[in-house]
Amino acid sequence: MSSPTLPVAVLGAGLLAERIADRIDARADLRVAARISTAQTPPEDTKCVVYVPDFAEITADTPKAALPQLLRDGYDVISTAPLDGRVPLTDLLDACRTGHSTFHATGAFQSTIPARLVRSLAEVTRGIRRLELVEELDLPQEAVYPWNALHDIGIATTDTDAAGVGAAAVDGYYTAGLRVLHEAVFPGPADTAAAPGTSVDVIADDSGTIREVIVDRDLGPRLSYRSIWTTATADRAPLRYRLVTTTETAKGTANVRFRFTDGLHPADYLTCVNVVDAIRPIHEHEPGIARRDLSITRLLPDDRLFG
(Lines give C-alpha, C1' and ligand atoms only; values in the text may rest on other atoms or scores of the structure.)
Protein backbone atom coordinates (compact mmCIF):
# COMPACT_ATOMS: atom_id res chain seq x y z
CA MET A 1 0.00 0.00 0.00
CA SER A 2 1.38 3.42 -0.92
CA SER A 3 2.52 5.84 1.74
CA PRO A 4 0.47 9.06 2.13
CA THR A 5 3.46 11.11 0.97
CA LEU A 6 5.61 9.53 -1.72
CA PRO A 7 9.37 10.35 -1.61
CA VAL A 8 10.69 11.09 -5.12
CA ALA A 9 14.26 11.72 -6.24
CA VAL A 10 14.72 14.02 -9.25
CA LEU A 11 17.79 13.17 -11.35
CA GLY A 12 18.78 15.78 -13.89
CA ALA A 13 21.01 18.81 -14.37
CA GLY A 14 18.86 21.10 -16.49
CA LEU A 15 16.33 23.81 -15.73
CA LEU A 16 13.41 21.49 -16.36
CA ALA A 17 14.55 19.14 -13.59
CA GLU A 18 14.44 22.07 -11.15
CA ARG A 19 10.95 22.99 -12.30
CA ILE A 20 9.74 19.42 -11.91
CA ALA A 21 11.20 19.29 -8.39
CA ASP A 22 9.33 22.49 -7.50
CA ARG A 23 6.06 21.02 -8.76
CA ILE A 24 6.59 17.80 -6.82
CA ASP A 25 7.12 19.74 -3.60
CA ALA A 26 3.93 21.68 -4.27
CA ARG A 27 1.92 18.46 -4.15
CA ALA A 28 0.62 17.30 -0.77
CA ASP A 29 1.00 13.62 -1.72
CA LEU A 30 4.58 13.91 -3.02
CA ARG A 31 7.88 15.22 -1.70
CA VAL A 32 11.38 15.60 -3.11
CA ALA A 33 13.62 13.07 -1.35
CA ALA A 34 16.66 14.35 -3.25
CA ARG A 35 17.57 16.68 -6.08
CA ILE A 36 20.46 14.97 -7.88
CA SER A 37 22.36 16.44 -10.83
CA THR A 38 24.69 13.47 -11.46
CA ALA A 39 24.22 9.71 -11.24
CA GLN A 40 24.38 8.54 -7.63
CA THR A 41 22.40 6.39 -5.21
CA PRO A 42 19.22 8.17 -4.07
CA PRO A 43 18.39 8.39 -0.34
CA GLU A 44 17.34 5.13 1.29
CA ASP A 45 13.63 5.98 1.55
CA THR A 46 13.28 6.93 -2.15
CA LYS A 47 10.44 5.06 -3.85
CA CYS A 48 10.47 6.68 -7.26
CA VAL A 49 13.03 8.44 -9.47
CA VAL A 50 12.20 11.07 -12.08
CA TYR A 51 15.04 11.00 -14.62
CA VAL A 52 15.32 14.12 -16.80
CA PRO A 53 18.38 13.72 -19.07
CA ASP A 54 19.47 16.89 -20.83
CA PHE A 55 20.62 17.33 -24.43
CA ALA A 56 24.22 16.31 -23.72
CA GLU A 57 23.16 13.11 -21.96
CA ILE A 58 20.72 12.15 -24.69
CA THR A 59 23.28 12.63 -27.46
CA ALA A 60 25.82 10.64 -25.42
CA ASP A 61 23.33 7.75 -24.99
CA THR A 62 23.54 8.04 -21.19
CA PRO A 63 19.92 6.88 -20.66
CA LYS A 64 20.77 3.51 -22.25
CA ALA A 65 22.75 2.53 -19.15
CA ALA A 66 21.15 4.79 -16.53
CA LEU A 67 17.53 3.72 -16.96
CA PRO A 68 18.01 -0.07 -16.66
CA GLN A 69 20.32 0.41 -13.67
CA LEU A 70 17.76 2.46 -11.74
CA LEU A 71 15.08 -0.13 -12.47
CA ARG A 72 17.32 -3.03 -11.46
CA ASP A 73 18.01 -1.21 -8.20
CA GLY A 74 14.30 -1.36 -7.44
CA TYR A 75 13.19 2.22 -8.12
CA ASP A 76 10.05 3.00 -10.08
CA VAL A 77 11.17 5.39 -12.83
CA ILE A 78 9.42 8.14 -14.75
CA SER A 79 11.66 9.49 -17.50
CA THR A 80 11.55 12.13 -20.20
CA ALA A 81 14.20 10.34 -22.29
CA PRO A 82 13.15 9.60 -25.88
CA LEU A 83 12.46 5.90 -26.27
CA ASP A 84 13.93 4.82 -29.56
CA GLY A 85 16.63 2.36 -30.56
CA ARG A 86 19.02 3.90 -28.04
CA VAL A 87 17.09 2.41 -25.11
CA PRO A 88 15.79 -1.06 -26.10
CA LEU A 89 12.45 -1.88 -24.50
CA THR A 90 13.62 -5.44 -23.86
CA ASP A 91 16.42 -4.09 -21.64
CA LEU A 92 13.96 -1.99 -19.68
CA LEU A 93 11.53 -4.87 -19.23
CA ASP A 94 14.29 -7.22 -18.04
CA ALA A 95 15.40 -4.56 -15.55
CA CYS A 96 11.82 -4.15 -14.29
CA ARG A 97 11.59 -7.88 -13.68
CA THR A 98 14.91 -7.92 -11.80
CA GLY A 99 14.07 -4.95 -9.59
CA HIS A 100 10.30 -5.56 -9.33
CA SER A 101 9.93 -2.00 -10.54
CA THR A 102 7.79 -0.04 -12.98
CA PHE A 103 8.95 2.19 -15.82
CA HIS A 104 7.00 4.95 -17.50
CA ALA A 105 7.95 7.09 -20.48
CA THR A 106 6.05 10.36 -20.30
CA GLY A 107 6.37 11.04 -24.00
CA ALA A 108 7.80 14.34 -22.76
CA PHE A 109 8.31 17.16 -25.21
CA GLN A 110 5.48 19.00 -26.87
CA SER A 111 5.21 16.53 -29.74
CA THR A 112 2.64 14.54 -27.72
CA ILE A 113 0.08 17.32 -28.08
CA PRO A 114 -0.72 17.06 -31.80
CA ALA A 115 -0.79 13.27 -31.45
CA ARG A 116 -3.52 13.55 -28.81
CA LEU A 117 -5.38 16.12 -30.88
CA VAL A 118 -5.37 13.99 -33.99
CA ARG A 119 -6.45 10.85 -32.15
CA SER A 120 -9.47 12.77 -30.92
CA LEU A 121 -10.27 14.11 -34.38
CA ALA A 122 -9.85 10.65 -35.87
CA GLU A 123 -12.75 9.45 -33.72
CA VAL A 124 -15.13 11.75 -35.58
CA THR A 125 -13.43 11.99 -38.97
CA ARG A 126 -13.64 9.19 -41.49
CA GLY A 127 -12.03 8.60 -44.85
CA ILE A 128 -8.80 10.53 -44.22
CA ARG A 129 -6.42 9.94 -47.11
CA ARG A 130 -3.55 12.16 -46.01
CA LEU A 131 -2.56 13.88 -42.80
CA GLU A 132 -0.12 16.79 -42.49
CA LEU A 133 1.05 18.33 -39.23
CA VAL A 134 3.00 21.55 -38.91
CA GLU A 135 4.58 22.53 -35.61
CA GLU A 136 5.91 26.05 -35.08
CA LEU A 137 8.08 26.35 -31.98
CA ASP A 138 9.48 29.74 -30.93
CA LEU A 139 12.44 29.21 -28.63
CA PRO A 140 13.66 31.51 -25.84
CA GLN A 141 17.41 32.01 -25.37
CA GLU A 142 17.64 29.12 -22.88
CA ALA A 143 15.65 26.99 -25.36
CA VAL A 144 13.22 24.32 -24.15
CA TYR A 145 13.74 20.75 -23.02
CA PRO A 146 15.88 18.84 -23.87
CA TRP A 147 18.05 21.49 -25.48
CA ASN A 148 20.10 23.64 -23.12
CA ALA A 149 20.46 26.65 -25.42
CA LEU A 150 19.66 27.83 -28.94
CA HIS A 151 23.09 26.80 -30.19
CA ASP A 152 22.20 23.16 -29.52
CA ILE A 153 20.19 23.28 -32.75
CA GLY A 154 22.42 25.82 -34.49
CA ILE A 155 20.13 28.84 -34.15
CA ALA A 156 22.05 32.12 -33.73
CA THR A 157 25.21 30.35 -34.97
CA THR A 158 26.70 29.47 -38.37
CA ASP A 159 26.95 25.76 -37.46
CA THR A 160 24.64 23.97 -39.88
CA ASP A 161 25.69 20.55 -38.56
CA ALA A 162 24.30 21.44 -35.13
CA ALA A 163 20.80 21.61 -36.59
CA GLY A 164 20.99 17.98 -37.63
CA VAL A 165 22.37 16.87 -34.28
CA GLY A 166 19.71 18.83 -32.38
CA ALA A 167 16.93 17.36 -34.50
CA ALA A 168 18.27 13.82 -34.10
CA ALA A 169 18.24 14.18 -30.31
CA VAL A 170 14.43 14.48 -30.36
CA ASP A 171 13.67 12.05 -33.19
CA GLY A 172 12.43 9.45 -30.70
CA TYR A 173 9.61 11.71 -29.54
CA TYR A 174 8.41 12.51 -33.04
CA THR A 175 8.75 8.95 -34.33
CA ALA A 176 6.58 7.63 -31.49
CA GLY A 177 3.96 10.28 -32.22
CA LEU A 178 3.93 9.52 -35.93
CA ARG A 179 3.34 5.82 -35.34
CA VAL A 180 0.53 6.48 -32.90
CA LEU A 181 -1.11 8.80 -35.41
CA HIS A 182 -0.78 6.26 -38.18
CA GLU A 183 -2.52 3.61 -36.10
CA ALA A 184 -5.26 6.05 -35.09
CA VAL A 185 -6.05 7.39 -38.56
CA PHE A 186 -5.18 4.73 -41.11
CA PRO A 187 -6.19 1.05 -41.25
CA GLY A 188 -3.50 -1.29 -39.98
CA PRO A 189 -0.40 -0.50 -37.95
CA ALA A 190 2.61 1.31 -39.33
CA ASP A 191 5.79 -0.69 -39.86
CA THR A 192 7.34 -0.38 -36.41
CA ALA A 193 10.77 -1.24 -37.79
CA ALA A 194 10.73 1.52 -40.38
CA ALA A 195 12.23 4.87 -39.48
CA PRO A 196 10.50 7.98 -40.83
CA GLY A 197 12.16 9.75 -43.71
CA THR A 198 13.74 12.88 -42.26
CA SER A 199 15.29 15.99 -43.76
CA VAL A 200 16.72 19.06 -41.99
CA ASP A 201 17.01 22.48 -43.62
CA VAL A 202 18.22 25.79 -42.22
CA ILE A 203 17.37 29.37 -43.12
CA ALA A 204 20.18 31.85 -42.53
CA ASP A 205 20.53 35.61 -42.89
CA ASP A 206 23.06 37.41 -45.12
CA SER A 207 25.82 36.87 -42.57
CA GLY A 208 25.28 33.11 -42.52
CA THR A 209 23.72 33.13 -39.05
CA ILE A 210 20.96 30.53 -38.74
CA ARG A 211 17.56 31.99 -37.90
CA GLU A 212 15.28 29.03 -38.53
CA VAL A 213 15.49 25.24 -38.62
CA ILE A 214 12.94 23.19 -40.56
CA VAL A 215 12.62 19.44 -40.02
CA ASP A 216 10.39 17.29 -42.24
CA ARG A 217 9.45 13.77 -41.13
CA ASP A 218 7.39 11.42 -43.29
CA LEU A 219 5.99 8.03 -42.32
CA GLY A 220 4.96 6.73 -45.70
CA PRO A 221 3.11 8.77 -48.32
CA ARG A 222 0.07 9.56 -46.16
CA LEU A 223 1.54 11.09 -43.01
CA SER A 224 3.95 14.02 -42.70
CA TYR A 225 5.14 16.17 -39.81
CA ARG A 226 6.98 19.46 -40.33
CA SER A 227 8.69 21.25 -37.43
CA ILE A 228 9.69 24.90 -37.76
CA TRP A 229 11.98 26.07 -34.95
CA THR A 230 12.99 29.70 -34.59
CA THR A 231 13.62 32.38 -31.97
CA ALA A 232 10.84 33.77 -29.81
CA THR A 233 8.67 36.66 -30.98
CA ALA A 234 6.65 38.56 -28.37
CA ASP A 235 3.56 39.12 -30.50
CA ARG A 236 2.61 35.49 -31.12
CA ALA A 237 2.01 32.26 -29.23
CA PRO A 238 5.33 30.41 -28.79
CA LEU A 239 3.91 26.97 -29.66
CA ARG A 240 1.54 26.53 -32.57
CA TYR A 241 0.18 23.57 -34.54
CA ARG A 242 -1.62 23.33 -37.85
CA LEU A 243 -3.36 20.10 -38.80
CA VAL A 244 -4.39 19.50 -42.42
CA THR A 245 -6.57 16.48 -43.21
CA THR A 246 -7.39 15.45 -46.75
CA THR A 247 -10.32 13.17 -47.61
CA GLU A 248 -11.75 12.04 -50.93
CA THR A 249 -13.94 15.13 -51.18
CA ALA A 250 -12.44 17.87 -49.00
CA LYS A 251 -9.48 19.31 -47.13
CA GLY A 252 -9.78 20.65 -43.59
CA THR A 253 -7.42 22.72 -41.44
CA ALA A 254 -7.34 23.12 -37.65
CA ASN A 255 -5.05 25.48 -35.73
CA VAL A 256 -4.04 25.17 -32.07
CA ARG A 257 -1.96 27.73 -30.15
CA PHE A 258 -0.34 27.43 -26.70
CA ARG A 259 0.80 30.39 -24.61
CA PHE A 260 2.86 30.72 -21.44
CA THR A 261 1.41 29.19 -18.26
CA ASP A 262 2.75 29.96 -14.78
CA GLY A 263 5.74 31.68 -16.35
CA LEU A 264 6.78 28.55 -18.26
CA HIS A 265 7.13 28.12 -21.99
CA PRO A 266 4.22 25.86 -22.99
CA ALA A 267 6.60 23.13 -24.20
CA ASP A 268 8.24 22.91 -20.76
CA TYR A 269 4.93 23.29 -18.94
CA LEU A 270 3.39 20.37 -20.82
CA THR A 271 6.41 18.21 -20.08
CA CYS A 272 6.28 19.06 -16.36
CA VAL A 273 2.59 18.22 -16.13
CA ASN A 274 3.09 14.91 -17.91
CA VAL A 275 5.83 13.90 -15.48
CA VAL A 276 4.27 14.95 -12.19
CA ASP A 277 0.82 13.55 -12.99
CA ALA A 278 2.39 10.16 -13.79
CA ILE A 279 4.33 9.66 -10.53
CA ARG A 280 1.62 8.34 -8.21
CA PRO A 281 -0.19 6.07 -10.77
CA ILE A 282 3.07 4.52 -11.94
CA HIS A 283 4.31 3.84 -8.41
CA GLU A 284 1.00 2.17 -7.57
CA HIS A 285 1.00 0.06 -10.73
CA GLU A 286 2.24 -3.50 -10.96
CA PRO A 287 5.88 -3.99 -12.04
CA GLY A 288 6.51 -3.69 -15.76
CA ILE A 289 6.42 -0.98 -18.41
CA ALA A 290 3.69 1.59 -18.92
CA ARG A 291 3.41 4.40 -21.41
CA ARG A 292 1.14 7.36 -21.69
CA ASP A 293 -1.68 6.40 -23.96
CA LEU A 294 -2.04 9.47 -26.15
CA SER A 295 -5.44 10.30 -24.75
CA ILE A 296 -6.62 13.73 -23.73
CA THR A 297 -8.38 12.62 -20.60
CA ARG A 298 -6.28 10.37 -18.41
CA LEU A 299 -3.18 8.25 -17.93
CA LEU A 300 -3.61 4.71 -19.22
CA PRO A 301 -1.25 1.73 -19.34
CA ASP A 302 -0.37 0.20 -22.67
CA ASP A 303 -1.06 -3.52 -22.22
CA ARG A 304 1.11 -4.38 -25.21
CA LEU A 305 4.19 -3.44 -23.19
CA PHE A 306 3.57 -5.50 -20.07
CA GLY A 307 5.32 -8.77 -19.68
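A crossing of two helices is termed left-handed if the near helix is turned anticlockwise from the far one by less than a right angle, and right-handed if it is turned clockwise. The structure is a predicted model, in which local features need pLDDT of at least 70 and side-chain atom pairs count only at pLDDT 80 or more, while totals for chains, interfaces and linings use all residues. Residues are numbered from 1 along each chain as its sequence is written, and side-chain values use heavy atoms, with hydrogens and water left out.

The chain contains eight helices and 12 strands; helices (H or I, at least four residues) and strands (E, at least two) are DSSP runs, numbered from the N terminus. Of its 307 residues, 50% are buried, where buried means under 20% relative accessible area, exposed over 50%, and partly exposed in between (1.4 Å probe, protein chains only). Contact denotes heavy atoms within 4.5 Å. Among contacts between residues at least 6 apart in sequence, 67% join residues at least 24 apart.

Two packed helices are described by the angle between their axes and the distance between the axes. Axes are lines fitted to C-alpha atoms, for helices over the stretch in contact, and angles run from 0 to 180 degrees between N-to-C directions. Angles under 35 degrees count as roughly parallel, over 145 as roughly antiparallel, 65 to 115 as roughly perpendicular and the rest as oblique. The crossing of H3 and H4 is right-handed. Residues Leu67, Pro68, Leu71 and Arg72 of H3 form this contact with Asp91, Leu92, Ala95, Cys96, Thr98 and Gly99 of H4. By class, six nonpolar, two polar and two charged residues take part in the contact of H3 with H4; Ala, Val, Leu, Ile, Met, Phe, Trp, Tyr, Cys and Pro count as nonpolar, Asp, Glu, Lys and Arg as charged, and the others, Gly among them, as polar. The axes of H3 and H4 come within 7 Å and cross at roughly 20 degrees, and the two helices are therefore roughly parallel to each other.

Helix H3 spans residues 62-72, and its buried residues are Pro63, Ala66, Leu67, Pro68, Leu70 and Leu71. The elements covering these buried residues include strands E1 (6-11), E3 (48-51), E4 (76-79) and E5 (102-105), together with helices H2 (55-59) and H4 (89-99). Just after H3, glycine 74 adopts a positive phi of about 95 degrees.

On H1 the contact is made by Leu16, Arg19, Ile20, Arg23 and Ile24, and on H8 by Asp268, Tyr269, Thr271, Cys272, Val275, Val276 and Ile279. Eight nonpolar, one polar and three charged residues make up the contact of H1 with H8.

A nonpolar core is a set of buried Ala, Val, Leu, Ile, Met, Phe, Trp, Tyr and Cys residues joined through side-chain atoms within 4.5 Å. The largest such core has 57 residues, of which Ile20, Ile24, Val50, Leu139, Trp147, Trp229 and Ile279 touch the most other members. H8 supplies the largest share of this core, eight residues. Residues up to four places away in sequence not counted, isoleucine 279 touches Leu6, Val8, Ile24, Leu30, Cys48, Val50 and Ile78. Another core, of 22 residues, lies apart from the largest one and has Leu11, Val87, Leu93 and Phe103 among its members.

Isoleucine 36 belongs to strand E2 (residues 30-36) and is buried, with a relative accessible area of 6%. Apart from neighbours within four places in sequence, isoleucine 36 is in contact with Ala9, Val10, Leu11, Gly12 and Pro42. Threonine 245, located in strand E10 (residues 239-247), counts as buried at 16% relative accessibility. With neighbours within four places in sequence left aside, threonine 245 is in contact with Ile128, Arg130, Leu131, Ala250, Lys251 and Gly252.

Backbone features also occur in loops. Histidine 100, in the loop between H4 and E5, has a positive phi of about 50 degrees although it is not a glycine; histidine 100 is exposed, with a relative accessible area of 63%. Alanine 143, likewise not a glycine, has a positive phi of about 60 degrees and counts as buried at 5% relative accessibility. Alanine 143 is placed in the loop between E6 and H6. Proline 146 lies in the loop between strand E6 (128-139) and helix H6 (160-169), and a cis peptide bond with omega of about 5 degrees joins tyrosine 145 and proline 146.
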